[in-house]
Amino acid sequence: MWTRGRAAGAALRRGCTRLPGRLVSSAGPPWRLLFFGSDHFAVESLKHLASSRSSNGGVVESLEVVTLSRDVPVKRFAQQHHIPVHSWPPHNVDGRFDVGVVVSFGCLLHERLINKFPHGILNVHPSLLPRWRGPAPIFHTIMHGDTVTGVTIIQIRPHRFDVGPILNQELYQVPENCTADELGAALATKGAHLLIDTFMTLSERIAHKREQRQTGATFAPKVHPSMSWMVWEEQTCDQVDRLYRASGSRVRRTVHGPWRRLNTCHDASLCQQMPLRTTWMGRTIQLLDFVGKCHISLLDEKRKPVPGSVSYQKESSTLAVCCKDGWVGFKAVLLKKRLTASDFYNGFLHQALQKRARHQPAAALFVSPAAGARQRGNSTNHVLPG
């Protein structure tokens, strides 16, 4: 841990000056950093900072970590690499650090804490701010079909997330058919590199920081399990595809506590699956292994199928479901247990279809629950962010 003697020695080596009660840093690297983070997205930045600390000519002189009290990836990485770890909220910060770094941490930092860092606190945000401010930028990038995104390094401000001045920003072309997990991994790496680049000329970047423009600002609200319910009458094939790639994928589990928290969607170990859902014969079904848009032939071409209609395609072992403008396919479902499309058809759907004329007219339909039912149905299936 940092001691008074080490602090004074480092100050002399780096040309720092001491004011009453506070150590003021020099204008250039290497920097003394306090890192705030939690999930795997944050680990990528921490990994690069730790590597810089160990190299000659690196931008990091010392590195310590603040993380949540439970077993999160950032805490595990720090312990494995002998980086000092502090529980949230941190104590005894005065005069010990030049700058803070926040990456996917989930807590709103108070102004009195921000002011303890001479160069402020930086944040790595996976979008081209001011587009997709908020807790789930990657999810909404995929959901809205953005073809270009990026990473932004900002100085954080108190009271609100993601509104601080921009120090550095880099574009990233979203690959076709990219999932939220894949995009998150790519932006984590790009963000880590951009953070190191920012620290190389931090004083100059702070001097030339630019405020975020007001035009083009959009908000990325937290991922809610109700988003995984299919509404066949309203969703097009492309929208179903984007929803699957965005949520097939993850939603953050809640962490309860007295501090305001932010849900992020980058971490497999902190997150649970959020598969697409519908109802069949009054029972909830999870739709798995999405295969995209289907082109099918119906026995009665003159009869237009209603949204939610289900057709089993024997040749490809696919369940095709009619949505607003076509058909989409799934290779498996979860109904108490995982079933292939073939198993579901042979064990459930086919039998129900034989009886539908007299007793079960909805046997060939996946039904969208009413909005209120979609909200109520979440409490038993997911733990929601607080």
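Tutor: One term before we start: a crossing is left-handed if the near helix is turned anticlockwise from the far one by less than a right angle, and right-handed if clockwise. Also, this is a predicted model.

Student: OK. Which way does H2 pass H3, left-handed or right-handed?
Tutor: The crossing of H2 past H3 is right-handed. H2 covers residues 40-54 and H3 covers residues 73-80. Their axes come within 8 Å and cross at roughly 25°.

Student: And what does that angle make them?
Tutor: Roughly parallel. Angles under 35 degrees count that way.

Student: Which residues make the contact between H2 and H3?
Tutor: From H2, we have His40, Ala42, Val43, Leu46, Lys47 and Ala50. From H3, there are Pro73, Val74, Arg76 and Phe77. By class, that contact has seven nonpolar, one polar and two charged residues.

Student: What about H2 and H6? At what angle do they pack?
Tutor: About 35°, with the axes of H2 and H6 8 Å apart. The crossing of H2 and H6 is right-handed. H2 brings Phe41, Glu44, Ser45, His48, Leu49 and Ser52 to this contact. On the H6 side, the residues include Gly184, Leu187, Ile196 and Phe199.

Student: How do the residues of H2 with H6 split by class?
Tutor: Eight are nonpolar, seven polar and one charged.

Student: New topic, the sheet. How many strands form it, and in what order?
Tutor: Seven strands, in the order S5-S4-S3-S6-S7-S8-S9. The sheet is open and the pairing is mixed.

Student: Remind me how strands pair in general?
Tutor: Strands of a sheet pair through backbone hydrogen bonds, either parallel or antiparallel.

Student: Which strands stand at the edges here?
Tutor: S5 (85-87) and S9 (166-173). Each has a single partner strand, so one side of each is left without a neighbour in the sheet. Neighbouring strands are turned by 20° against each other on average, direction ignored.

Student: How many bridges join S8 to S9?
Tutor: Seven, and S8 and S9 run antiparallel. Gly150 stands opposite Leu171 in S9.

Student: Where do the helices sit on the strands?
Tutor: H3 lies across S3, S4 and S5, running at about 135° to S4. H6 (residues 180-200) lies across S3, S6, S7, S8 and S9. H6 runs at about 145° to S9.

Student: Last thing. What pLDDT does the chain average?
Tutor: 83, and 79% of the residues score at least 70.

Student: Where does pLDDT stay under 50?
Tutor: Over residues 1-15, which have 26 contacts beyond four places in sequence in the model. Over residues 376-386 the pLDDT is below 50 as well. That stretch has 29 contacts beyond near neighbours in sequence.

Student: How should I treat regions like that?
Tutor: Where pLDDT is low, the predicted coordinates should not be read in detail.

Terms used: Residues numbered from 1 in each chain as written. Predicted model: local features only at pLDDT ≥ 70, side-chain atom pairs only at ≥ 80, totals over all residues. Heavy atoms only, no water. Axes fitted to C-alpha atoms, helices over the stretch in contact; angles between N-to-C directions. Helix = DSSP H or I, 4+ residues; strand = E, 2+ residues; numbered from the N terminus. Parallel < 35°, antiparallel > 145°, perpendicular 65-115°, else oblique. Contact = heavy atoms within 4.5 Å. Nonpolar A, V, L, I, M, F, W, Y, C, P; charged D, E, K, R; others polar. Pairing = 2+ DSSP bridges. pLDDT = per-residue confidence, 0-100.
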